[in-house]
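Have a look at the chain first, and then we'll go through it piece by piece.

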Amino acid sequence: MLGNSVACDGYEENRPVRVVTHAHADHTGGLRWSLRECRKVLMTEATRDLIEVLEGPLGTRLKNIETLEYEKRVQFNGEKITLHKAEHILGAAQVLVESEDGERLGWTGDFKLSGTTTLSDCDTLVVESTYGSPMCRRSFDVDVRKLLVHMIEGRLKAGTVYVFGYYGKLQEVMQILRDAEVEVPFVMPEKVYRVSKVCEQHGMRLGCMTLSTEKEAKMLLEEDLPCVAFYHMNSRGSVGLNNERICVSGWEFHKPCRRIGEKEHIIALSDHSDFDGLMEYVQQAKPKRVVTDNHGGRHGETLAKEITRRLGIPALAMPCKSYQAIFS
Ligand SMILES: [Zn+2]
């Protein structure tokens, strides 16, 4: 909750404005409630288009949605609300709420540092904490993108390569491959295909894509011909079991690439900042105080302690029971 009216990435009773920072499911909770109860549901156009694919059509409820470009301001009851780009998945945004008396309240949403401009000089900055522990560092001295291209190109000589990841990141891998001039067909099931098409509508160039149910794609897969098949992480146990397989995951901290099966590797490609990136963001942003997002309870408390200890900025994890005692 930011200011008097705004709730971000969740439904909150009596908050007339809901902001959806991006289309990942852990940020769209209660969306149908928000569409019914809120005066405005704000998000970028790309996020709206992705949500329509991932959550199913929103139908007539779409009328409550107000799409907002990055850096454009809307006003609600005297508060100014602005979305700023977050480098995470297509359409991802940070949120800044400025009150009538000039108080600045920010929420980073999910982000990785490079490509994200900091919300500077906030009175209170809420920071994501996915990799908020000093154990979560990815300080490899290799270019993970180059490594990914190299691995896929090499394996394509033997036939089809399967790539597993989450929505948004799969499309990032597609873009990395196309930028590196890997021109083989990309095969994918319907939902991945539709998400990819939205990404193309919003400026990504993903080249030749084929639905896995089409005749041509079936032939490519059955005959194990050179193509890349993109599937959601949840399909890992059911498709491409005998092929070369690559999973892209942020939960890798020791090596950029790890072999986990005879023909299976994990590549450390993340769309979140690691611990050092989170600390650097806060250091650059210079907020007066920080709240670390502790939903899921993984590393919010650790990150808050480290921000206070290393940067001297008061920080607290929320939700937590003792916040009133500390901030009041
Ligand atoms: Zn996310």
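Which residue in strand 2 does V6 stand opposite? That's V17. Before going further, note that this is a predicted model, where local features need pLDDT of at least 70, side-chain atom pairs count only at pLDDT 80 or more, and totals for chains, interfaces and linings use all residues. Residues are numbered from 1 along each chain as its sequence is written, and side-chain values use heavy atoms, with hydrogens and water left out.

Back to the strands (DSSP E runs of at least two residues; helices are H or I runs of at least four, and both are numbered from the N terminus). Strand 1 and strand 2 run parallel and share three bridges; strands count as paired if DSSP finds at least two bridges between them. They belong to an open four-strand sheet with parallel pairing, in the order 1-2-3-4. Its edges are strand 1 (6-8) and strand 4 (65-67), each of which pairs on one side only.

The other open sheet has seven strands and mixed pairing, ordered 5-6-7-8-9-17-18. Strand 5 (73-76) and strand 18 (315-318) sit at the edges, each pairing on one side only. Inside this sheet, strand 6 and strand 7 are antiparallel and joined by six bridges, and I81 faces V97 of strand 7.

Contact here means heavy atoms within 4.5 Å, while axes are lines fitted to C-alpha atoms (for helices, over the stretch in contact), with angles from 0 to 180 degrees between N-to-C directions.

| Helix | Lies across | Angle |
|---|---|---|
| Helix 7 (275-285) | strand 7, strand 9 (124-127), strand 17 (289-293) | about 165° to strand 9 |
| Helix 2 (45-54) | strand 3 (40-43), strand 4 | about 100° to strand 3 |

Now for the metal. The zinc ion's protein donors are H22 (NE2), H24 (ND1), H88 (NE2) and D110 (OD), at 2.1 to 2.4 Å. Donors are N, O and S atoms within 2.8 Å of the metal (3.2 Å for Na, K and Ca), and since water is not among the atoms, sites may look incomplete. Why is the arrangement irregular? Because the four donor atoms subtend angles of 88 to 169° around the zinc ion; four donors count as tetrahedral if all angles lie between 85 and 135 degrees, four as square planar and six as octahedral if opposite donors are over 155 degrees apart and all others between 65 and 115, and anything else is irregular.

Along the chain, the donors follow the spacing H-x1-H-x63-H-x21-D. H24, in the loop between strand 2 (17-19) and helix 1 (31-37), and H88, in the loop between strand 6 (79-85) and strand 7 (93-98), are 64 residues apart and link distant parts of the chain.
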